[in-house]
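Take a look at the fold below.

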Amino acid sequence: MHYKMVGMMNQHLSISLDKNNVSSTNNSAIFGEILEGNFSSPQFDYLINLGSNRLSDTKSIKTYNESNLAAQINNFKELEEITDDVIFLEKKPIKIKTKLVDALEKRHSTRQYSNIIKMDINELSTLLLYSYGVAKRKENYFGVEVTTRYHGSGGGLYPVDVYLLINNVTGINPGIYKYQPISHSLKPVSDDFDIEKLYPYGNFDLENYAFCALYEYDVNRNYVKYGELSLMVTFIEAGLMAQNLDLVAESMGFSTCQAAGYNKKYADKILGIDGIKSGRKDICKT
């Protein structure tokens, strides 16, 4: 009854009892029951079916590729962004002198941050550009010129949006902003959020952080093409985005921490999304 107090239970997850193992409720016993097929596990069910592919999925992937549909969608991406009353960021990035190998060697997760050295808006601009933004390189797919980004995406559909909870960045008022990669801008969403409600556990420095980034996955963007493979390719994409953030931040002298534990219902509320067709994989804080 005191799990919550000692940090052993995430109160924002669904808690269920194992009815097949009443007398010995420990993970070793439950693991044996799962392997014997006596008990169902959502995690194991997901792993077993991760490589499943329906005929309709294969047909959809083939249709997307043959019709060049992804390239056509990419060509009109700018129409998805709102450019009225937004903060346009500097498109010329700050020159980064740190070598990739050095950034890899020094990268580590940090939960305490400094209130002496503050991130400024141009540093944030560079960080967002190389982590999630549009690259200079362009590709031509069957006569359609498309933009590329600094991270990979399954089919170039880019189903992950980034929201920033800015706390301490010089030149930007604290609040929630949506990052728009095509226009390289920040669209204000709200100034009403309580970081302690979002992050009620984890022993993070919730006073001196520069910003938190929430990743929103919009299922609508890639399910029609990939079907049951959609979640798998999105996990890969979110991982690439998170790795970019870690390495670019480290190369610029900032520290980060990736975390999957947060109050998802509260995140849905402050971002104004339903939490069903869209969802958050990670919080990335720098």
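Predicted model: local features only at pLDDT ≥ 70, side-chain atom pairs only at ≥ 80, totals over all residues.

Residues are numbered from 1 along each chain as its sequence is written, and side-chain values use heavy atoms, with hydrogens and water left out.

Start at helix α7, residues 121-132. Helices (H or I, at least four residues) and strands (E, at least two) are DSSP runs, numbered from the N terminus. Helix α7 has 12 residues and reaches 16 Å from first C-alpha to last. That is close to the expected 16 Å, where the expected span is 1.5 Å times one less than the number of residues.

Helix α7 is mostly covered, with 9 of its 12 residues buried. Buried means under 20% relative accessible area, exposed over 50%, and partly exposed in between (1.4 Å probe, protein chains only). The buried residues include E123, L124, L127, L128 and Y132. Look also at the start of α7. There, a side-chain oxygen of D120 reaches to within 2.9 Å of the backbone nitrogen of N122.

Now turn to the charged pairs. Side chains of opposite charge can pair when their charged atoms come close. A salt bridge here is a side-chain nitrogen of Lys or Arg within 4 Å of a carboxyl oxygen of Asp or Glu. By this rule the count is 12 salt bridges.

One of them joins K62 and E66, at 2.6 Å from N to O. Where do K62 and E66 sit in helix α4 relative to each other? They are 4 residues apart, so about one helical turn separates them. An α-helix has 3.6 residues a turn, so residues three or four places apart point the same way. K62 is partly exposed at 48% relative accessibility. E66 is exposed, at 60%.

K138 and E145 form another salt bridge, with the closest N and O atoms 3.9 Å apart. K138 is partly exposed, with a relative accessible area of 48%. E145 is partly exposed, with a value of 48%.

Are D161 and K178 buried or exposed? Both are buried. Their salt bridge has its closest N and O atoms 3.7 Å apart. This pair links distant parts of the chain: D161 lies in strand β5 (residues 160-166) and K178 in strand β7 (residues 175-180), 17 residues apart. Shared partners extend the picture. Salt bridges join K77, E80, D161, K178, D218 and R221 into one network.

Definitions and conventions:
Polar contact = N/O pair within 3.5 Å; in protein donor to acceptor, adjacent residues only side chain to side chain.
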